[in-house]
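Here's a quick tour for anyone meeting this structure for the first time. Have the 3D view open and follow along strand by strand.

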Amino acid sequence: TETGYRRIKGPAGSGKSLVLAARAAHLIDEGKNVLIVSFNITLWHYLRDLVVRSSKVQGALNNLRFTHFHHWCKDVCADSGYEDSYSALFKPLEFISDPKRKGIALEHILSHRVPELVQTILDRSNNDLESYDAILVDEGQDFLPGWWDALRKTGNDNCEMVLVADATQDIYGTARSWTDEVMSDAGFTGRWAELKTSYRMPSGALTHARQFAQNFLPGDQVDLPEPEQNSLDIYPCDLKWVECSKDDALDICQSEILSLMKKDKLAVPDITFLCATSADGLGLVERLEKLNIKTVHSFAATQKESRRKKMGFYMGDARIKATTLNSFKGWESKALVILINDARDDQSMALIYTGLTRLKRSTEGSMLTVVSCSDKLKTFGRTWPEHVDTNFSPV
C-alpha cells in the first residue's frame, strides 16, 4: 500500500499467521530488520517455524526479532535506563491484598500505564533504541490502539506495518476498541484485506465451530470460517461431547486422554489438553504424572514460573501438551481434549470458540473431545456426533 500499512482479517485457520510469516521471510531475505509481535508468549515458536520454512537466504533470521508485546515494553524500559520507572508502576500492587482487586489493578497497569511509559520513552529524541524496517503484529484483536501507537514509534522511515486479526477470537474484550476512527488515526486507509476460507479444520469440526459462533458470540463480531470449496472430504474426524459435574471433570479428562493414547495412527505427542485455569491444568498434569505419563505444560503457581514455562512450550516436544485456552490461541493440534468450566460471558464464549477451532485436519484422522460442566451448552453438546451425559443415571 502507499502508506506501507496493511490490515488483514480472517477466521480461525484461514492462514493469517502463515501470511504474516511469509511476508516476514520475504523481508528478512531482502536484508530488512523485522519485528514480529504477538500477544501470546507461547506463539513465537510456531511463528518462527513458519518463517524458517519460508526464508530462502542463509543467515537471514539474524534480521528478525520475535517477542510478545509486554516483553517488548519491558525491554524498551530496560534498554533506555527506565527500569526504576517501570518497576515503580507495579509498586502499588504490594498494598492490595484482595486477589480480585490486585488482578484488576495489574491488568490496568499492563494495558495502559506500561504502554504510556514506553511511548514517553520513545518520544524522547535522545533514545538510542533499535528500530525496524517492518513491524508485523499477530493476534491484533488482543491489542489496544495505544499498543499499536507505541510500536509505530520504533519504526524507521517508510516502515512497513501489518496487523492481522480475528474479532471472533476476542477473548479479552479489546476488539471493540478498534473503531473506524481509531483505525484511521492508526494509519490505515481503505478496506481490510480478507481471508475467508479455513484450511485448518476438518469439515465436521468446522460445521460445529460455525454453529457455536452463531449461537453464542455477538453477531457484530462473528467472522465465520468458510469451508474449502470443491475439495474432497478426505479428513476423518471424531467429535465427542461429554457432560459431567465439576467434581468429576478432571477424572474424565484423564480418562479421555488415556483413550486417545490407545488410538491407532495417533502419536502421543499429538495429544493436547486445554483448559481455562492453571488450577485445573495442574490437577490434570498431576494425575497423568502419577501414571508416569509425561507432559510439557505452561501451568504454574506463580506468574514468573508460568512465563518461563510458556517460553519453553513447543509442539515439537515428544510429550503430551497441556496449556490454557488463552496460551494455545494461534496453535493447532490433531488430537484435543478441552475442559469447559466457564461459559458465562462473551469473553468466555470467545475463549471456547478459540479452543474449538484449534483442531487440525489430517488424512489419518483428527479427534476433538469436549468435557463440559456448563448447563448453558448442554443443548449445543447434544448436536455432536457422540454425546455422553455422565450426570444421567438410568433408573
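## β8 and β11 side by side

Start with strand β8, residues 271-275, and strand β11, residues 335-340: they pair in the parallel sense over four bridges. Keep in mind that you're looking at a predicted model.

How much of β10 is buried? Five of its five residues are, so to speak, tucked away: the strand is mostly covered. β10 has a parallel pairing with β9 as well, over three bridges. In that pairing, Thr295 stands opposite Ile320 of β10.

## The whole sheet

Now zoom out. These strands belong to an open sheet of seven, with parallel pairing, and the order across it is β9-β10-β8-β11-β12-β7-β13. Which strands sit at the edges? They're β9 (295-297) and β13 (386-389), and each pairs on one side only. Going from one strand to the next, the twist averages 15°.

## A helix across the strands

Finally, look for helix α9, residues 249-261. This helix lies across β7 (237-243), β8, β10 (320-324), β11 and β12 (366-372). Compared with β11, where we began, helix α9 runs at about 175°.

Methods
Residues numbered from 1 in each chain as written. Predicted model: local features only at pLDDT ≥ 70, side-chain atom pairs only at ≥ 80, totals over all residues. Heavy atoms only, no water. Pairing = 2+ DSSP bridges. Helix = DSSP H or I, 4+ residues; strand = E, 2+ residues; numbered from the N terminus. Axes fitted to C-alpha atoms, helices over the stretch in contact; angles between N-to-C directions. Contact = heavy atoms within 4.5 Å. Buried < 20%, exposed > 50% of the residue type's maximum accessible area, 1.4 Å probe, protein only.
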